[in-house]
Amino acid sequence: MPSPSRRTVLATGSALGGTLLAGGPPAQARAAVPEGAADPWRTVLDDADLVWQRMPKTWYEGPYLGNGFLGSGIYAEPGADAESLSAVRFNVQHSEVQDHRPEFGSLFGLARLPIGYFTLEPVGTITGLDWRLRLRDAELTGTLTTDRGTLTLRALVHNSRSVLAVEVTPSEGERDFRWMFHPADAISPRAAFKPLPDGYQGNPPAEVAEHDGVLAAVQPLLSGGQHATAWRERTRGATRTLYVHVAHSYPKSTALDRALATVRGASALPYGRLAQAHRAWWHAYYRKSFLSLPDARIQRFYWIQLYKTASAARRDAPVMATSGPWLESTPWPNTWWNLNVQLEYWLIHGSNHLELDAVTRALSEYRDNLSKEVAERYRGDSLGIPRTTDPHLVNGAAGTLTGYGVGIPGQDPPTPEVGNLTWALHNVWLSYRHTMDESILRDVLFPLLRKAINYYLHFLEPGADGKLHLPATFSPEYGGNTRDCNYDLMLLTWGCRTLLESAELLGIDDELAPRWREVLAKRVAYPTDANGFMIGADIPFAKSHRHYSHLLAVYPLYELTGRTPDERALIEKSLAHWVGFEGALQGYTFTGAASMSALLGKGEDALGYLGELMTRFIQANTMYKESGPVIETPLSAAQSLHDMVCQSWAGVVRVFPALPAAWPDLTVHNFRTQGAFLLSAVRESGATRWVRLVSEAGAPCVVRHGITRSVEVRDARGRALRYSDAGDGAIRIALRKGESALITAKGDRPDLTIAPVEPNEAAPKWGLPA
């Protein structure tokens with residue numbers, strides 16, 4: 001029997017509160033909330049709030065605020081025991097604050113520098129707290145209880161003003177609480193883990209002074225320039241509000257003036273006024289997409305990652321360093337390009353948040369620096385990116401004896417990774433494919449990828465077998481150089497194929513096209529043995545290894561997808577062999593394994609790997625650590641969820657390709673796919689009920705919808721649309737830019753409400769609940 005009509009749903013809504021896909025231009029795929037219905041975004045976000053009823057003692061337990069630039073992690077002042085808690089630390093860190101001494105390399109001379117922290121110091125001893133990180137508003141709210149009274153607080157890092165604002169309303173016994181700022185030593189955090197380079201000195205101490213009612217700590221840098229932390233506390237009635245801003249300038253010393261001006265402007269507004277624009281930005285941010293699934297713990301985790309991403313990333317902010325803006329003690333105080341950056345930004349595509357894409361912007365803006373990272377004789381036609389850089393894509397190796405940061409294939413001793421730039425450009429390609437914005441292809445991807453692949457072409461050489469081979473290169477972190485390294489062969493193959501496809505799309509008759517075709521025709525096969533993919537021709541995969549650098553052709557490149565039984569068996573064997581070695585496995589091992597399982601349609605395996613990740617690695621506040629804070633793994637887990645819910649590669653959109661039996665119901669809305677489609681779909685009782693695609697670019701539309709019965713396809717006005725069978729459960733629909741298609745079982749008129757699904761069972765909140 002058909003479900004209630006679309007017209008009826010306008011009145012009925014949903015028990016959990018829903019949003020109906022009705023009205024408005026189809027290109028925007030807008031969802032209007034029926035009058036009286038609960039807002040689904042508010043429902044899932046309020047449910048996902050992190051809570052603290054116990055004091056967080058470390059960065060990976062506490063709340064965190066940020067806007068891509070300024071970041072604050074909040075937890076107890078270290079060293080105090082539970083009986084003598086006397087202060088709460090509000091860290092103040094900034095993604096632009098770094099040293100500028102390239103002669104000491106990216107991890108010392110160009111490292112991110114710690115700034116310092118404020119302590120909120122009550123009159124009494126802290127005896128309890130009740131905090132909530134409200135995702136929807138990106139604010140921390142709650143109460144701190146002491147043996148002398150209470151402190152009720154609200155805190156945010158303002159979205160556009162980049163100001164940390166903390167409003168505190170004390171009870172009578174806590175009226176004399178105070179704030180104290182503690183400048184940090186301006187030295188690379190790596191100094192706590194590795195010996196200092198010869199000649200390296202820490203920067204001089206910060207200088208604290210008052211400037212007409214605003215306090216500031218100015219940190220001079222030996223390289224020139226400065227960073228400045230300015231703050232002011234304002235009292236309004238019963239409340240006191242702290243306003244903090246950080247500015248960085250190099251080589252000029254202009255940071256202080258900017259910091260003072262920003263704090264003066266922000267502090268003229270009471271907290272509530274300041275928060276209005278901030279909340280409006282975040283409310284609009286979340287509404288760009290929607291996902292609900294019946295695992296309450298994982299659903300909350302997912303929405304927290306969307307919060308975390310927008311707290312750590314913006315298009316005009318530096319590409320995320322390993323810890324995002326929340327710098328703590330770490331051996332990795334900069335940006336890492338042999339896996340971390342790539343994983344950090346994958347989830348922005350499906351979640352429809354291309355406004356956070358700093359990778360495309362940075363690679364384009366600082367492309368001239370990439371030529372300096374290859375040896376001088378290759379700089380005319382080649383580019384590369386080394387393992388680590390600062391936000392301007394500088395490694396510092398240009399000032400060393402070698403004079404470059406990217407290794408030379410065949411070089412001894414072992415050479416650093418060669419393929420990092422090509423892999424980073426795969427992220428740019430994803431941004432192009434998910435928007436079909438030709439300017440990304442023409443102005444960024446094609447010219448940069450051409451030179452990244454050109455670097456490889458200098459070293460490819462024919463062997464006795466008539467195949468083209470690579471001399472020895474280095475697979476990330478495995479150790480040792482190997483000929484025909486799979487990391488490089490797989491990226492080289494993807495790069496040549498993408499260049500040929502891009503040239504055709506752009507109408508470019510490139511003189512290198514014959515060479516790219518030759519590589520695809522004559523490139524040696526990927527080295528394999530009885531256990532699957534090897535590291536390279538000289539090195540089998542024979543020890544525990546967290547990276548999946550030898551498996552990139554499977555994921556994320558989708559060059560090998562299990563099209564044939566033999567290819568599928570090779571992927572399955574390689575995956576099992578890789579995760580079968582315990583010892584060195586880390587969190588992103590399991591996110592990679594989950595996504596590869598999703599590629600194979602193995603939803604149960606994918607969920608199992610995510611379960612291992614959650615149990616073994618994810619911390620109380622959903623952060624992740626390996627010696628220090630590392631941000632990419634939880635964010636890549638969100639992408640693994642995307643891969644279970646929707647995949648789009650090889651020109652086909654695959655709806656619900658790898659869902660476990662435990663998720664019989666699922667709702668997704670405005671999920672962005674390759675081809676620039678916005679996908680909305682609902683699964684009920686283990687079956688796909690309906691699928692809707694809106695075309696933003698008029699690209700070819702092929703969708704594997706997953707509806708098992710005969711289907712019909714209708715446009716935004718309910719009129720029948722013609723479609724054809726594309727094979728393997730997919731259909732082809734002709735959609736022009738701005739048009740939409742609704743796919744249902746023939747004769748069915750399902751409820752098109754977008755609403756949260758019921759959870760399978762109760763689950764604890766993230767944070768530190770009682």
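## Lys-765 and its surroundings

In this predicted model, the side chain of Lys-765 comes to 2.4 Å from the backbone oxygen of Asp-47. As for where Lys-765 sits, look in the loop that runs between strand S37 (753–754) and strand S38 (767–768).

## The largest pocket

Now for the pockets. The largest pocket holds about 940 Å³ of space. It is lined by 44 residues, and those closest to its centre are Trp-429, Arg-433, Trp-649, Ala-650 and Gln-674.

Sort that lining by class and you get 23 nonpolar residues, 13 polar ones and eight charged ones.

## The second largest pocket

Next comes the second largest pocket, with a volume of about 640 Å³. Here 37 residues make up the lining, and Leu-107, Trp-336, Arg-387, Thr-388 and Asn-395 are the closest to the centre.

Helix H3 (residues 105–109) gives the largest share of this lining, with three residues. By class, the second largest pocket is lined by 15 nonpolar, 14 polar and eight charged residues.

Notes:
Residues numbered from 1 in each chain as written. Predicted model: local features only at pLDDT ≥ 70, side-chain atom pairs only at ≥ 80, totals over all residues. Heavy atoms only, no water. Helix = DSSP H or I, 4+ residues; strand = E, 2+ residues; numbered from the N terminus. Polar contact = N/O pair within 3.5 Å; in protein donor to acceptor, adjacent residues only side chain to side chain. 1 Å grid on protein atoms, 1.4 Å probe; cavity = no way out; pocket = protein on both sides within 12 Å on 5 of 7 lines; lining within 4 Å. Points joined across faces, edges and corners; volume = space filled by probe spheres on them. Nonpolar A, V, L, I, M, F, W, Y, C, P; charged D, E, K, R; others polar.
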